[in-house]
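Look at the structure first, then read on.

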Amino acid sequence: MSENSEKEIIIKDFFKSNVIFSELDEILRLKPETMIGIDKVSSDKLVENNIKTVEDLANLSVDNLPEIEDLLPKIFRKWVKIAQVIQKAVKEQLRRHKKLLMIGLDNGGKTSILAVVQDKFSIIKSLLPTRGVKREKLDFFGYPIVSWDLGGQIQYREKLYFNRPELFFTEADILLYVIDSQDLERLAESANYFREVLKALIDLDEQPKILIIMSKSDPDFRKSFQWQKNVESIKNKFDKIADEYKQFTVDYCDTSIFQRETIMQMFSIALKKVSETSEIIENILEDFTSQVEGKASSLVSMDGLIFGSYTKTSTDEMLVNNTALLLQTLSNFYSSIGLIREKSISLDLPLNGFTIRGEKLFEYSDLHIPVYLWLVSENPELLQSKIDYFRKQLLPLINLFL
Ligand SMILES: Nc1nc2c(ncn2[C@@H]2O[C@H](COP(=O)(O)OP(=O)(O)OP(=O)(O)O)[C@@H](O)[C@H]2O)c(=O)[nH]1
Ligand SMILES: [Mg+2]
């Protein structure tokens, strides 16, 4: 049993046995009567006094409790103290997860991006607008990440998020702000929403890493002049807003749900921004590339997370990363029809005079996700003598990536 689930069971012990919750943070929104020792009548009294949830109870001060008819102060104080213990345990638990906030106008493509990253392609065409906030554990990269997908319809933007910003915008590690690159008519509306979000973050003294995603940059549209114009307008507008609030720097990525690799690359950039070890990984890849006389290298997990790359040009970067992601997709397909996964995957391009090769280095996390080291090289045979040396250096850094 993992440490996480042990703690969860301990928290559950504070509640009556018929209480069911699937997500940790639901606990704080439960009614007081769900706690052991609080009867329905007393709970109703609390609710009448605006103490509607475990969290409301925890937020009271034991030294300054309101007077509630028929409720002994001694008992009331005990409940508050227990609620505070629960609140602390839940918050500690949640903090261990990286929190990923997905924000943007309705219809922007937030929920679709989260579906693609989890390979849930079949749900995309039946997606409805997200109602309120949808929290989900991304059981994907092997790291503890919780996504908070904030439905972008106007009623939530106006009535929910900014009334209690502390419930939504605190302790986020990454903010992905999604703008529909095909819908410039709503650019001003989106920019205003973004500004409101930044203001809320500043008020709360929060500073997540921010990535602006220009969604719906589909392959055909991306080739058009219109796309270039739209991207330029978006960047102009959002750079200006970021300039107003100096503590934030923003980066841009474009994605399309029709090209999974654009979404994987976007997530890789986002996670690298919060990783403790990504810079060291990239230094090691630089050393590796020079020792094996290669052109470019990249470290990629079998589910598509790019931990780091070393390349001299952006063309080489696209070459190594796109090849890795596409050949790995092929390898996953082979594996799905029962073939044994090869330790080495190679693509020769003799007319261009080089080879792109991926070597399996190790597996990481409880999910045993394989990680491949990719190299673009004119002499791929130089790789073999060095691989063990780099395997040893890279494994601990991958385990500590997030
Ligand atoms: N062409 C294209 N359409 C997309 C893309 N991503 C999402 N869509 C479509 O855009 C629509 C809205 O997508 P959602 O993911 O539900 O949007 P959302 O941002 O979650 O919307 P709310 O939940 O209301 O905030 C759906 O019809 C998707 O199929 C994309 O990359 N390209
Ligand atoms: Mg949605």
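## Helix pairs and a ligand

Helix α8 (residues 187–203) packs against helix α10 (residues 225–244) at an angle of about 25°, and their axes are 10 Å apart. This is a predicted model. Angles under 35 degrees count as roughly parallel, so α8 and α10 are roughly parallel to each other. Their crossing is right-handed.

Which residues of α8 and α10 meet? From α8 come Leu187, Ala188, Ser190, Ala191, Phe194, Arg195 and Leu198. From α10 come Ser233, Ile234, Lys237, Phe238, Ile241 and Glu244. The residues of this contact divide into eight nonpolar, two polar and three charged.

Next come helix α12 (residues 278–291) and helix α14 (residues 387–399). Their axes come within 10 Å and cross at roughly 165°. Angles over 145 degrees count as roughly antiparallel, which makes α12 roughly antiparallel to α14. The crossing of α12 and α14 is left-handed. On the α12 side, the contact is made by Ile280, Ile281, Ile284, Asp287, Phe288 and Gln291. On the α14 side, Tyr389, Phe390, Gln393, Leu394, Leu397 and Ile398 take part. By class, the contact of α12 with α14 has nine nonpolar, two polar and one charged residues.

A further pair is helix α5 (residues 110–117) and helix α11 (residues 260–274). Their axes come within 10 Å and cross at roughly 95°. Are α5 and α11 roughly parallel or perpendicular? Angles of 65 to 115 degrees count as roughly perpendicular, and α5 and α11 are therefore roughly perpendicular to each other. The α5 residues in the contact are Ile113, Leu114, Val116 and Val117. The α11 residues are Arg260, Ile263, Met264, Met266 and Phe267. This contact of α5 with α11 has eight nonpolar residues, no polar ones and one charged one.

Now turn to the ligand. How many residues surround ligand 1? There are 18, and the closest are Lys110, Ser112, Thr130, Gly152 and Asp218.

| Residue | Protein atom | Atom of ligand 1 | Distance |
|---|---|---|---|
| Asn107 | backbone N or O | oxygen | 2.9 Å |
| Gly152 | polar backbone atom | oxygen | 2.6 Å |
| Asp218 | side-chain N or O | nitrogen | 2.6 Å |

Asn107 uses a backbone atom here. Gly152 also uses a polar backbone atom. With Asp218, the atom lies in the side chain.

Definitions and conventions
Residues are numbered from 1 along each chain as its sequence is written. Chains are lettered from A and ligands numbered from 1 in the order in which they are written. This is a predicted model: local features need pLDDT of at least 70, side-chain atom pairs count only at pLDDT 80 or more; totals for chains, interfaces and linings use all residues. Side-chain values use heavy atoms; hydrogens and water are left out. Axes are lines fitted to C-alpha atoms, for helices over the stretch in contact, and angles run from 0 to 180 degrees between N-to-C directions. Helices (H or I, at least four residues) and strands (E, at least two) are DSSP runs, numbered from the N terminus. A crossing is left-handed if the near helix is turned anticlockwise from the far one by less than a right angle, and right-handed if clockwise. Contact means heavy atoms within 4.5 Å. Ala, Val, Leu, Ile, Met, Phe, Trp, Tyr, Cys and Pro count as nonpolar, Asp, Glu, Lys and Arg as charged, and the others, Gly among them, as polar. A residue is near a molecule or strand if one of its heavy atoms lies within 4 Å of it. A polar contact is a pair of N or O atoms within 3.5 Å; within protein, one must be able to donate a hydrogen and the other to accept it, and residues adjacent in sequence count only if both atoms are side-chain atoms.
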